[in-house]
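Me: I have a model to read. Walk me through it, feature by feature.

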Amino acid sequence: MSDRRKFMKKAGLASLGAIAASEVVFGKNLPDGLELIGLQQDQDLPQGVDPEMTLLNDLPWNIEAKAHLLDDAITPADKFFIRNNGIPPVNPDPETWQLTIEGESAENPKTYSIADLKSKFKTYSYQLVVECGGNGRNEFNPPAKGNQWSIGAVACAKWTGVRLKDVLEDVGIKDDAVYVGYYGGDTHLNKDPNKVVISRGVPLKKAMEDEALIAWAMNDEDIPLMHGYPLRMVIGGWPGSTSGKWLNRIVIRNKEHDGPKMGGTSYRVPCESVPPGSKVTDDNMCIIESMPVKSLLTYPKSGAMIKEGRTLEIRGHAWAGDYSVSKMEVSIDFGSTWQTCELQNPVNRLAWQRWTAKIDFPQKGYYEVWAKASDENGISQPMVVPGWNPKGYLNNACHRIAIKVL
Amino acid sequence: MRIFTLALLGWIVIGCAIKEKPSPVTEKQIADFKNEARAVLPEGQAKELVVDNCVHCHSYKLVTQNSATREGWQSTIAWMQETQGLWPLGPAEDEILDYLAEHFAPESKGRRVPLTDVEWYELGE
């Protein structure tokens, strides 16, 4: 096999109409390890994923959106990021799927079918922001390990299901209960069928919020397999890893849940801030709870060129974990001055908020539009990457797009 | 007796369910992932060791999108051994670490990089 053949991935070759290596101008000059951009774009994505989504990893699947793909008020399923830790179950059957609620602080452990959940409890729908704790990881310096998310591991879909608290109360919650953990039907990458992939959770207080759901529908349709079909938890405003997919067991705990990826450095940041690159011992790492205030500029797509004198209408979303966003500002002069945007209230608690603005540029040139949200506690997004942490969580630095005025 | 029968039945059903749980990733798929990795990973003495030991569980993309010092890669391997079921690498570990540290070394990015790779386009009205 020639060196150049290496760049031709089998799938890429087939669907790009078999570009032969000899047809790539200067192909022989490509350094080892580089893929042709044309072939990179022709990536193999799971069914139902927008072709513009960015593939980070295919075993397990980790796929993120680009900012302009997230312009919808309610994120469509094909533009919703995928963060899998293991391998999703094969052909799960919603008719036979069971959810067991147990644990040392459950009064009367019970098992429900999805039909039981639908008939026994009242159904609710909420639009909830789910953001990966590691969204923005790729900006940390020194680099942090893991999937190198940029800005697109966030989404706000409409979720339908029953309240987690209604189900927990039906089972009975003992007085000593403090934490609620989940287990799912995915399989560990090392193929051991008995090894738990990930089992995280939330304190009982968060689990008892109205918006904490056991959901079977996303945007009024079955949840796609990659997003947890046929049943999942949805915990808005907290790291996405608390929203367990392929949900088949919930445990009511009398101590902090201790499933895989609850401990160590997983989904934790230093309890006290540290200089970049520090080693932090496990006992000095604290669990991430609410995600920080953040925003995205979803229109226009970065790189827009406009004529001088045109007023540019821009828009995006802002969110703040457990809190609401109270102020949205944009800057076109690298943060020297800020313009306040129109900001809508969330449709419901823990949904993101639409913001819009009209911008006039003073003269021709290169501009960056920076977007900064502030939450109800007066906390704003930083302009540079915030506190370094070993696993690269919680980067809520302002989103930036490039504009040229010609 | 009835309880015992039910328990036995339950045991058989659960036992079979575990036994028959289909492997979600086939040997063929793993072989494909490994071939893809061979085609993409930079040449080096330990390339085949990386393919065999790393791509057995996860895509090479989890390697190539990361960068770290030798010490950083070592701690990643240790984490996979402690929590993810990675086997002991023996003498291969040193070779793998040399390879990863050489080809996937960190570059200092400062506190915020300029906007790069902007695809310019004319914005319609």
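Reply: We will take domains, then the chain contact, then strands. This is a predicted model, in which local features need pLDDT of at least 70, side-chain atom pairs count only at pLDDT 80 or more, and totals for chains, interfaces and linings use all residues. Residues are numbered from 1 along each chain as its sequence is written, with chains lettered from A and ligands numbered from 1 in the order in which they are written.

Me: Which domains does the assignment give for chain A?

Reply: Domain bounds come from an automatic or database domain assignment. Here chain A has domain 1 (4–62), domain 2 (98–287) and domain 3 (294–405).

Me: How many residues do domain 2 and domain 3 of chain A bring to their contact?

Reply: Two residues are in contact if their C-beta atoms, placed from the backbone, lie within 7 Å. Domain 2 of chain A gives 27 residues and domain 3 of chain A gives 24. On the domain 2 side, S6(A) supplies the largest share, 4 residues. Strands are DSSP runs (E, at least two residues) and helices are too (H or I, at least four), numbered from the N terminus. That side divides into 13 nonpolar, 10 polar and 4 charged residues. Ala, Val, Leu, Ile, Met, Phe, Trp, Tyr, Cys and Pro count as nonpolar, Asp, Glu, Lys and Arg as charged, and the others, Gly among them, as polar.

Me: How many residues of chain B are in contact with chain A?

Reply: 39 residues of chain B contact 40 residues of chain A. On the chain B side, H2(B) gives the most, with 4 residues. By class, that side has 18 nonpolar, 12 polar and 9 charged residues.

Me: In which sense do S17(A) and S1(B) pair?

Reply: Strands of a sheet pair through backbone hydrogen bonds, either parallel or antiparallel. Two strands pair if DSSP finds at least two bridges between them. Strand S17 (residues 304–306) of chain A and S1(B) pair in the parallel sense, over 2 bridges. A:Met305 stands opposite B:Glu122 in S1(B).

Me: Is S16(A) mostly covered or mostly uncovered?

Reply: A residue is buried if 20 or more other C-beta atoms lie within 10 Å of its own, exposed if 12 or fewer, and partly exposed in between, with C-beta atoms placed from the backbone. S16(A), residues 294–299, is mostly covered: 5 of its 6 residues are buried. S16(A) pairs with S18(A) in the antiparallel sense over 5 bridges. There, A:Lys294 stands opposite A:Trp319.

Me: What is the strand order in the open sheet of 3 strands?

Reply: The order is S1-S2-S3 (chain A), with antiparallel pairing. S1(A) and S3(A) stand at the edges with a single partner strand each, so one side of each lacks a neighbour in the sheet.
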